[in-house]
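Take a look at the sequence and the structure below. This report walks through a few of the local features.

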Amino acid sequence: MQTKSQTRLVNLIIIALFAAIIGILSQVMIPIPPVPFTGQTLAVGLAATILGAKRGTYSVLLYLLIGAVGIPVFAELKSGISIIFGPTGGYLIGFIPAAYFIGFYLEKTKYSVFHAIIANIISMFFPLLIGTAWLKIAASLSWTAAFAGGFLPFIVVGIAKAILAGWLGILLRSRLESAKVLPKSTLA
């Protein structure tokens with residue numbers, strides 16, 4: 001049985017690990033202006049599916065904080081607060097409600113592949129909607145141009161990444177539960 005401080009330490013390590021995973025998968029990208037396809041959304045989906053609402057959201061917040069202070073974890077090894085306030089910053093900010101939603105949905109329903117895929121598909125729209133609105137304002141685009149460049153091209157790839165995050169996230173979560181790294185989910 002772990003003490004409270006041991007549990008807290010394990011949680012901090014897991015949160016930091018997933019912030020690092022988000023940073024690593026952010027470098028997997030296809031550069032298409034104005035917003036590149038990246039592995040960030042896949043990593044955010046994995047973090048939230050595996051860790052739940054609280055720890056998944058904390059891992060996203062830590063990732064954003066690390067990038068904001070200058071560690072090059074954003075796509076194309078970029079960093080700094082200017083990235084968050086730049087044209088693609090809304091997508092980054094949209095990861096926060098996306099991660100929370102996935103974890104919350106799974107905690108209230110069931111940690112199953114079906115529910116994880118549903119949660120990830122729904123949540124993919126958070127960064128897309130916030131990011132598109134932010135892109136429109138930051139890049140002084142029309143709504144049509146922002147929608148065409150910052151929303152439409154990402155739907156099909158987003159659904160594919162959501163399915164992968166849901167499936168792989170549940171698989172990894174069950175392995176981490178078996179290894180007693182994560183507590184067994186009560187609704188599983």
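## Buried or exposed

A residue counts as buried when its relative accessible area is under 20%, and as exposed when it is over 50%. Partly exposed residues fall in between. The model shown here is predicted.

Take Y105. Its relative accessibility is 18%, so Y105 counts as buried.

## Aromatic pairs

How many aromatic pairs does the structure hold? There are six. One of them joins F101 and Y105. Their ring centres lie 5.9 Å apart, and their planes meet at 40°, so this pair is tilted. Both residues belong to helix α4. They are four residues apart, about one turn of the helix. Ring pairs also bring in F126, and F101, Y105 and F126 are linked into a cluster.

F147 and F151 form an aromatic pair too, and theirs is stacked. The centres are 4.9 Å apart, with 20° between the planes. F151 is buried, because its relative accessible area is 8%. F147 is at 37%, so it counts as partly exposed.

## A charge over a ring

Y111 has a charged group over its ring. The charged end of R173 sits there, 3.8 Å from the ring centre.

## A serine in a loop

S112 lies in the loop between α4 (89–108) and α5 (113–123). Is S112 buried or exposed? It is buried, because its relative accessible area is 17%. A polar atom of the S112 side chain lies 3.2 Å from the backbone nitrogen of H115.

## Two helices that cross

Two packed helices are described by the angle between their axes and the distance between the axes. Helix α1 covers residues 4–25, and helix α2 covers residues 40–68. Their axes come within 9 Å and cross at roughly 145°. The crossing of α1 and α2 is left-handed. What kinds of residue make up the contact of α1 with α2? The contact has 19 nonpolar residues, four polar and one charged.

## Positive phi in a loop

Most residues other than glycine have a negative phi. Which residues have a positive phi here? E76 is one, with phi near 60°. L77 is another, at about 55°.

E76 lies in the loop between α2 and α3 (81–85). L77 has its place in the loop between α2 and α3. E76 is partly exposed, because its relative accessible area is 42%. L77 is at 56% relative accessibility, so L77 counts as exposed.

Technical notes: Residues numbered from 1 in each chain as written. Predicted model: local features only at pLDDT ≥ 70, side-chain atom pairs only at ≥ 80, totals over all residues. Heavy atoms only, no water. Helix = DSSP H or I, 4+ residues; strand = E, 2+ residues; numbered from the N terminus. Buried < 20%, exposed > 50% of the residue type's maximum accessible area, 1.4 Å probe, protein only. Polar contact = N/O pair within 3.5 Å; in protein donor to acceptor, adjacent residues only side chain to side chain. Phe/Tyr/Trp six-rings, centres within 6.5 Å; stacked < 30°, edge-to-face > 60°. Lys NZ or Arg CZ within 6 Å of the ring centre and 35° of its normal. Axes fitted to C-alpha atoms, helices over the stretch in contact; angles between N-to-C directions. Left-handed = near helix turned anticlockwise from the far one by under 90°. Nonpolar A, V, L, I, M, F, W, Y, C, P; charged D, E, K, R; others polar.
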